[in-house]
Amino acid sequence: FSQPLFLAMVTTQPPSTALRVPHTVSLRGKGISDENISTFCQSLPQSTAHLDLSSNEITQEGVEQLVNFLKELPHLRSLSLSDNRIGAEGMGHLVPLLAQGRVEALDLSQNEIVGEQLAELPSETLLSLFRVQACDLRGNEIGDAGADAIASVLADERCSLKELNLSNNDITFAMSSVLAAAAEGGGEQRLETLSLDDNRPPPPT
C-alpha cells in the first residue's frame with residue numbers, strides 16, 4: 001500500500017507564511033474523549049488542512065460532535081481517526097462532513113468497525129464515505145459481511161476512491177468480490193491501489 005495520501009499531502013511552510021496557509025494539526029495521543037472533544041475542536045485554526053486525532057478515546061458520540069466543528073474548516077483535506085473506537089456507527093456520522101467533497105483522505109484504521117454493522121449502513125451512506133480519494137480501514141473487524149458491502153460500493157460509478165487499505169480484517173470468501181469490484185470499477189475514477197494483506201483467502205475446494 002502506497003504512502004497514505006493524508007501524509008503525502010503534508011508540507012512545511014516558511015515561518016513567514018505558516019499562519020496564512022493551510023497546515024497540519026496533530027493531536028495524536030492527547031487523551032481526547034467524547035467528554036472533552038469540543039474543547040479541543042474550538043481551538044482548531046481555520047487554516048487546518050490535515051488533522052490527526054489518532055490514538056485517542058473517541059467513540060461514535062464524539063464523532064458526531066467533531067463533525068459539527070470540522071464542517072466549518074474550509075481547507076480540511078485529510079482526517080486521521082486511527083486507533084479510536086468510533087465503530088460503524090461513527091463512520092455514518094462522518095457523512096455530513098464528507099458530503100462537502102473537501103476531504104480527500106480518511107484514516108479509520110483500528111476503530112472496532114464490525115462488518116455486520118457496516119453492512120447495515122444504507123448504501124448511500126457507504127457511498128458517501130468512499131467519495132474520498134484514499135481510505136484506510138486496516139485492522140478492523142470488517143470480515144466477509146463488510147467486505148461484500150464495500151465491494152458493492154466499489155462497483156458504483158459514483159465511487160471516486162483511488163486507494164483502499166483493507167489489510168488485517170478477517171476477510172476470507174469475500175476477498176474475490178472485492179478484487180472483482182476493484183478490477184471492474186464503476187466510473188472513470190478507478191481504484192488504483194488496494195491492500196488486502198494479512199487476510200485469509202478461503203481454502204481450496
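I began with the elements: the protein chain has 9 helices and 7 strands. Helices (H or I, at least four residues) and strands (E, at least two) are DSSP runs, numbered from the N terminus. This is a predicted model, where local features need pLDDT of at least 70, side-chain atom pairs count only at pLDDT 80 or more, and totals for chains, interfaces and linings use all residues. Residues are numbered from 1 along each chain as its sequence is written, and side-chain values use heavy atoms, with hydrogens and water left out.

Burial came next. I noted that 47% of the 205 residues of the protein chain count as buried, meaning under 20% relative accessible area (1.4 Å probe, protein chains only).

Then I looked up the largest nonpolar core. A nonpolar core is a set of buried Ala, Val, Leu, Ile, Met, Phe, Trp, Tyr and Cys residues joined through side-chain atoms within 4.5 Å. The largest has 56 residues, and Leu94 and Leu137 have the most contacts inside it. Helix α8 gives the largest share, 6 residues.

Leaving aside residues up to four places away in sequence, Leu137 touches residues including Met91, Phe130, Ile150 and Leu164; contact means heavy atoms within 4.5 Å.

Last, the sheet. I found an open sheet of 7 strands, ordered β1-β2-β3-β4-β5-β6-β7, with parallel pairing. Two strands pair if DSSP finds at least two bridges between them. β1 (23–26) and β7 (193–195) stand at the edges with a single partner strand each, so one side of each has no neighbour in the sheet. I checked β3 (residues 78–80) against β4 (residues 105–107): they pair in the parallel sense over 3 bridges. Ser78 has Ala105 as its bridge partner in β4.

Definitions and conventions
Buried means under 20% relative accessible area, exposed over 50%, partly exposed in between (1.4 Å probe, protein chains only).
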